[in-house]
Amino acid sequence: MNVKNLQRGVMLMLCLAIFTSWAFAQTKTITGKITDSKDGSGISGASVLATGGTAKAGTQTANDGSFKLVCPESTTKLVITSLGYQKIEVSLNGQSSINVSLVATSDNLNEVVVIGYGTAKKKELTGAYATVSAKNFNQIPSATPDQLLQGKVAGLQVTVASGQPGAATSVKIRGNNSIRAGTNPLYVVDGVPLDGRSARPGFNTSGLGNLPDANPLTYLNPADIENISVLKDASASAIYGSRGANGVILITTRSGSSGPLKVDVNSSWSIGGLMKQPDVLDAGQYRTALTKYGAKSDSGASYKPFNQIIQHNVTQNYSIALSGGSSENSRYRASFLASSTPGLIRKSGLDKYIANFNGSYKLLDKKLSINFGVTAASVSETIAPVSNDPGSTGSIVSNALQWNPTLLMKSGSRYIVNPNGQVNPLAFSDAYNDKSNITTLLGNFSAGYKIIPELEYKFSYGVNYSSGIRKNELQGWISGTGGNADGQGLATVGSAQLFSQTITQTLTYTKKINEISLTALGGYENWSTKYQTQNTSVYGFDYNLNYNSLVGIHYYDNMQDGKKANLSSTSSNDPNVDVQSYFARIQIGYKDKYSLSASFRADGSSKFGSNNKYAYFPAISARWSIKDEDFMKNVAAVSTLNLRAGWGQTGNQEFPAGAAVDRYQYQSNGALNAINFANPNLKWETVTSSNFGLDYGFLGNRINGSFEVFFKKTTNPLFPGTLPAPAPAGTLWQNLPGYITNRGFEFSINGTIVEKKAFSWTAGINLTYVKNKFIYDAVGNSPLVLTGQLNGKGTSATYVQAIANNQPIDVFYLRKFSGFDQNGFAITTSGATYAGDPNPHYIVGFTSTVDYKKFSLFLNMHGAFDYSIYNNTLQSVTGLSFINNGGNISKTLIGTPESVANPVSASTRYMYSGNFMKLSNVTLRYRIGNVGKVIKNLSASLTAANLFVITKYPGFDPEVNVSKLDQNSTGIPSIGIDYVGYPTLRSFTFGLNFSLY
């Protein structure tokens, strides 16, 4: 090697060493940890910014709240911020290690919330929005995300009307907007609008009625949800146009966080039983009643029939989530859930296997952002024969309620035959099998590019695919169930497929000029969906007709054994629905005092008639921050005072695809029957909504809430009418010249009652009042259509509700009951009158959280008041006359002057107040903390769900929302009729959660 080259190399290395030493001398390293002042847990993703020097430096905390910051030597302060916590500045004073505790804010107005096609700061919202974050969810494993909102949002009524795991939930935002279309809101998951239907095939098993629908959200893992936003008024939801009339619920799932790999593990185990015992006589009371009424059906035993159809198995939930990222520009999260939820009734349950993976990446100097997410789920249901409308032979629940408590159901291996011919509910359960499996894929992809710093183009694609198969049988060895299965055996196999996709393109312009902030959005969207089903059924099998010689082969796995003459097959392929949309929104703010938002959407839908292909939906709203005015700045007690006003129009196109055109159905003989006739003028329902709101906060927002007044008017209500005779039978969909109104108010108040380091207590109450009315002068005082068909013994073709002018939707329409005559027969009026409202006028929610050192106590209650329920179970299942035939009866009938000869007859006698308050959830949690070097934030919890309900209603649960048939079978839903539903489960859950990193 040349000596000069060697010298040059040595000199270069020496210079580099000196420069490096000098460079390091100009910086320093600060380490530390950011924690929650309340429980000491690490705060992930908190921003740590160095200030005080000539240069800036910053970082974010890791999953455990720790950070490492290389900053200029001249740095004197750290500024620490995190969403939901108060900002803090810390002086270094020569320290190289800093530990800081952040205090949670009572109401963070700078919190960013999700709105349609974008986000906004909470303090800038002009419409009626509500956001529930993961920390406010119920502390128990929920089958579906909509149940997480129960009792937590003013204006929102969530009714879990069936205890069957995975059953559909009724969700209403500010009342009933329609007489026909579904009341549930539009669900949007990570920007993907859902179809709202389930791919589980629906069955009407011969003699058993229609079993409850499946919840279309069962494939979502509640543990994956970051927050849920509810868009309640038209100014908030009009951006969703013809699908936003019932409000919009935006579900945002969790995303990854930057830092090393973090593993979150959640597990729980539950056991439970009946929340409320059946309102029927026990064996001793039954014998006393037999003597009182001169009946003779004492079989000698002392038995609890209802306990025989109940199971007490353990519910298990296991989930694991992995998240991390090399930087803020590259984050990912993967989660997996396995759960098994046995139902309260024998042979019912729900098993779920769900996987989710999402990621977010920023490239090209953060100009290009890419986000994606995919959820794959397999949901299996075992369904018990508990329907909303069984006939006189009943369901497993009605048979158990009626069963003579002095008569055994089974002796050894032999089923006891009831002398009165009633179906043995235990045998019914053993002979019936119903299983379904739904496979779902939900995916989203979006790419955004900042053309200039203020202008971003975004492309999004979302897809939702579900495929379901269901197998059902009623074996032939059982009799008395009615229909074709009786003594012959019946099997049905069905399948369904659902596919929807969304393509969205938006341009968003954001600019701040002095004290004016501007956000403008323009977009195009195309949403399409298709749905198809196929069912094959056959009855008349050659085996399993005798219980003593059973073969272990299900009928649905051997359909060819059924009699070919009894084979029937049906299929349907709904016309594809395509919605093409153009939308725009502008948001303007000035000095953080005044905000204005205006939006417009044009929807073209294939559902509409040829003369009304497009619908137009405008909205405008404004906010005035009174607190920021000069005359309020010195009022220290007032922290927030905002006045909001909004107006807008939304649409409802929830009527069958193809309703505007001629549709026919092929019959087995090749003939064509009309399903519905064309109406080229058919269009959407329009909901015009006005909202006035006042947001308030006192004492640093330790007390905060809002008061809202709203008015909604639905015009052009959709109605499935018929052509006058002698025209052929078939439906003619039309827009009635009437309207529907919903008016009311909402009030919410949240308070931090105690706030100390070792002890804190927060509580919140929300109250909603809503009054609903249908106006259609053309029908006068007579009902437009009768609804609310009753089922069971003695109720053939009986309807107890109506759609009528100047009355609430589904008003009770009954003969008035005024007692019994001297012979014990009911005294009723000769004609029916409008008798009561099944729609609750007041909806209440209450939450409370108490923290003491490492303990936390969560409590959630909800209730409804000022409405009526019709007890069809008392009338047709446990009525007094059934004791004459060896059936059990309701306890409430003992001591009344009624005669056992009094016939079954509908009247106001069976109307009850539905008022209730339910303790839906109470959880005690203990934060154990870190265990060793690997297990972090270990916590254990004990939860009681549906612990008790305060009500005078004698049924299983006053939360009923059974949808029954209307007079003309046009599909108008009913409200508030209780008929042998699946009872509510009271459960106790032990949970164990921890993290690994």
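Guide: Strands (E, at least two residues) are DSSP runs, numbered from the N terminus. This is a predicted model, in which local features need pLDDT of at least 70 and side-chain atom pairs count only at pLDDT 80 or more, while totals for chains, interfaces and linings use all residues. Residues are numbered from 1 along each chain as its sequence is written, and side-chain values use heavy atoms, with hydrogens and water left out.

Visitor: Which strand gives the most to the lining of the largest cavity?

Guide: Strand 11 does, with 4 residues. A cavity is a set of points, on a 1 Å grid over the protein atoms alone, where a 1.4 Å probe fits but cannot get out, and lining residues have an atom within 4 Å of a point. The largest cavity has 27 lining residues, and Gln-157, Thr-159, Pro-840, Ala-864 and Glu-959 lie nearest its centre.

Visitor: What makes Asp-810 buried or exposed?

Guide: Buried means under 20% relative accessible area, exposed over 50%, and partly exposed in between (1.4 Å probe, protein chains only). Asp-810 has a relative accessible area of 2%, so it is buried. Asp-810 sits in the loop between strand 44 (799-804) and strand 45 (811-814), and its phi, near 60°, is positive.

Visitor: What is the corresponding label for Leu-699, buried or exposed?

Guide: With a relative accessible area of 53%, Leu-699 is therefore exposed. Leu-699 belongs to the loop between strand 37 (685-698) and strand 38 (703-715), and has a positive phi of about 55° although it is not a glycine. Most residues other than glycine have a negative phi.

Visitor: How do you know that strand 8 and strand 9 pair?

Guide: Two strands pair if DSSP finds at least two bridges between them. Strand 8 and strand 9 (residues 118-121) have 4 bridges, in the antiparallel sense.

Visitor: Why are strand 43 and strand 48 said to stand at the edges?

Guide: The open sheet of 4 strands has the order 43-44-45-48, with antiparallel pairing. Strand 43 (783-789) and strand 48 (833-836) each have a single partner strand, so one side of each is left without a neighbour in the sheet.

Terms used:
On a 1 Å grid over the protein atoms alone, a cavity is a set of points where a 1.4 Å probe fits but cannot get out, and a pocket is an open set with protein on both sides within 12 Å along at least five of seven lines; lining residues have an atom within 4 Å of a point.
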